[in-house]
Amino acid sequence: MAETQIPVTVLTGYLGSGKTTLLNRILTENHGKKYAVVVNEFGEIGIDNELIVESDEEVFEMNNGCVCCTVRGDLIRVVEGLMKRPGGFDGILVETTGLADPAPVAQTFFMDDDVRAKAKLDAVVAIADAKHLVQRLADSREAEEQIGFADVILVNKTDLVTSEELAEVEERIRAINPGALIHRTERCAIPLSNVLDRGAFDLDRILTLDPAFLDGHDHDHDHDHDHDHDHDHHHPDHHDTTIGSVALAAGALEPQRFFPWIQEITQQFGPDILRLKGILAFKDDPERYVVQGVHMIIEGDHQRAWKEGEERTSRLVFIGRKLDAGVLRAGFEACVA
Amino acid sequence: MPSIQEFPFGAYVVEAAFLGETAAFALGDGTVRLADGAEAKSAAVHSGAILAATATREGKLLTGGDDGRVALTDAGGAAYTIAERPRKWIDLVAAGPNGAVAFASGRQAFVKLADGRERTFDHERAVGGLAFAPKGLRLAVARYGGVTLWWAGTEAKPVSLDWQGAHIAATFSPDGRYLITVMQENALHGWRLADGKDMQMSGYPAKPRSLSWSAKGRFLASSGANAAILWPFHFKDGPMGRQPTQLGAREVLVTRVACHPREDVVAVGYQDGMVMAVRLADAEEAVMRRSGDGAVSALAWDDGGRHLAFGTEEGAAGLVDLAARS
């Protein structure tokens, strides 16, 4: 069943950042693929395309006593409806409003079994306006969460800023979410393969998420990081940013210790954890184990066999508010086999 | 095995129903197919996918589509549009008395009466399910946080039945005493309408999306577990404090149920495409259709209970004739 799950890309970004520009490109470009696009308002989408679906955001709180267990009821119905169409889709794109919390969208693809059987979350793509992001981060909790949530971030409208301003924007993004793949764009001009159907590619990036990576081993662009990052400190140099990340690395883990620990951590700190992602090596297990989560929801599965000569390391990244790196690291290290 | 006439439609079977003696299938490719001798004839009804369908009390097929249209198709294949909401998805429909139909898109439910009058019912949250009461022009709208009961023909104030959580489908018992909803949290909720008393029916591993009342409304059969789950409603207090009957247990999820119109027999459709008929009295099982071609997505008996129509998500469909054994 896993092979037939349709990849879902969630598009976030503050008002005016360029989401509609990107959507219009995806809908008009001759890429030979069939994407269904779920929007909040037809608004400025320039074309009449039968694969565009307008949908009112319907956030359902699940009746299970967990305040952060929310799903998008409208999305559940849209996915069910799309599955009835003949021929299937190469992907589904979900646009969120500028002020939306991305969590319910992402959680829908973990929590609703009917949706999970048909579709899987591929990537959360945030579009950031290079000119205004720094100000948005200062005055908007949502803008910060959108950056924190993203797997891929388009720093758009780069033609409107100086190289110094651009460097600052990217530094601020890295402070919140060091693992995200950043692309610089003008008018969202980017090969769509960098945004859609990313598969496991973006997850694999966390393997490279360490201090060396932060010091400029990213081949995507060439900005400098001149301040010294400790891979799990809290970036105290930005007082107005409250979201940060903790990246952990260790050797092979003991699954009997790891699973109870991650359950406990997500139960205890779930509301503050925006996302977690990990590629794990378990003792005596020939396969890589991939884990990801949103708030209190976590899911994991074997991904593929470890390759010959591949270093069997376990990496786990948390992105969230008020994360206690010491507690997380000590707990993680106690799981080492 | 009883004899089966197979129809390889190749498109998602959204609903099956009988229009008089004619088996009708509403498909995801926008067509309605009508069994006609050895073949099935095709009526092009919607330009996109059919999202919801049900037989009306007058023997027509009511459909809603992602082309924003609501249509009626008769047993001869003649189709006409009765309402349009451009660019909206009509993914819920319900048929009421005297030709009344209801449909919904987003936060609005609509009722269209046989004389052409139309009414709009606005809600704060999206409509999750529609059901007409067995008697009178009373419409139940399932939604987040409960159900709103409207009198579709008058301006009377609606009644709200509240229960926390998302309600995604609704059905009245045939005697009109109970209203049951399907919940996002893999459970059923119910109200005894006389006094508003709540009932919870939980423990399902999946959403019990398909509901069907047995002959005379004695049991409510439901999907959502690896057996058909039947709650007893013939006791004075309904299912309260009672255990449900489980029938047709397999290691596979039940995706559709349809009770026989006259006898205490339930047709059970599974995620692997198998269909069984199970007798309530002794749990005796009879295979109606082998597994294959995706989950069973539609099941319907004709009025006499001699024919059973089925369809699957992958576009297989057929007509089982219980009288003709092969």
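Q: Buried means under 20% relative accessible area, exposed means over 50%, and partly exposed lies in between (1.4 Å probe, protein chains only). Is A:Glu58 buried or exposed?
A: This is a predicted model, where local features need pLDDT of at least 70, side-chain atom pairs count only at pLDDT 80 or more, and totals for chains, interfaces and linings use all residues; side-chain values use heavy atoms, with hydrogens and water left out. Residues are numbered from 1 along each chain as its sequence is written, while chains are lettered from A and ligands numbered from 1 in the order in which they are written. The relative accessibility of A:Glu58 is 1%, so this residue counts as buried.

Q: How many residues of chain B are in contact with chain A?
A: Contact means heavy atoms within 4.5 Å. Chain A brings 28 residues to this meeting. On the side of chain B, the count is 28.

Q: How much area do chain A and chain B bury between them?
A: The size of an interface is often given as the accessible area lost when the parts come together. Here, buried area is what two parts lose on being put together, summed over both (1.4 Å probe). Carbon and sulfur atoms carry 44% of it. The total is about 2500 Å².

Q: Which residues of chain A lose the most area to chain B?
A: Look at the buried area of chain A and chain B, about 2500 Å². Three residues of chain A together make up 28% of what that side buries. They are A:Asn63, A:Arg77 and A:Lys84.

Q: Which element gives the most to the side of chain A that touches chain B?
A: The interface of chain A and chain B has 16 residue pairs in polar contact, both at pLDDT 80 or more. A polar contact is a pair of N or O atoms within 3.5 Å; within protein, one must be able to donate a hydrogen and the other to accept it, and residues adjacent in sequence count only if both atoms are side-chain atoms. Strand S3 (52-54), strand S4 (59-61), helix H2 (73-83) and helix H4 (113-118) of chain A give two or more residues each to that side, where helices (H or I, at least four residues) and strands (E, at least two) are DSSP runs numbered from the N terminus. With 7 residues, the top giver is H2(A).

Q: How many salt bridges are there between chain A and chain B?
A: A salt bridge is a side-chain nitrogen of Lys or Arg within 4 Å of a carboxyl oxygen of Asp or Glu. Over all chains, the count comes to 44. Between chain A and chain B, it is 10.

Q: How far apart are the closest N and O atoms of B:Lys88 and A:Glu54?
A: B:Lys88 is partly exposed at 37% relative accessibility. A:Glu54 is partly exposed too, at 27%. The two form a salt bridge, with a closest N to O distance of 3.3 Å.

Q: Why does the pair of B:Arg107 and A:Glu58 join two chains?
A: These side chains form a salt bridge, with N and O atoms 2.8 Å apart. B:Arg107 sits in the loop between strand S11 (101-105) and strand S12 (108-112) of chain B. The pair joins two chains because its other partner, A:Glu58, lies in the loop between S3 and S4 of chain A.

Q: Which residues are linked with A:Asp56 in a network of salt bridges?
A: B:Arg107 is partly exposed, at 28% relative accessibility. Its side chain meets A:Asp56 in a salt bridge (4.0 Å, N to O). The network with A:Asp56 takes in A:Glu58, B:Arg107 and B:Arg125.

Q: How many residues are in the largest nonpolar core?
A: A nonpolar core is a set of buried Ala, Val, Leu, Ile, Met, Phe, Trp, Tyr and Cys residues joined through side-chain atoms within 4.5 Å. A:Ile92, A:Phe109, A:Ile147, A:Ile153, A:Val155 and A:Ile173 touch the most other members. Another core lies apart from it, with 21 residues, among them A:Leu248 and A:Val291. The largest core has 61.

Q: Why is helix H6 (residues 141-149) of chain A largely enclosed by the rest of the structure?
A: A:Ser140 caps the N-terminal end of H6(A), with a side-chain oxygen 3.2 Å from the backbone nitrogen of A:Glu142. The buried residues of H6(A) include A:Ile147 and A:Phe149. H6(A) is largely enclosed because the buried share of its 9 residues is 7.
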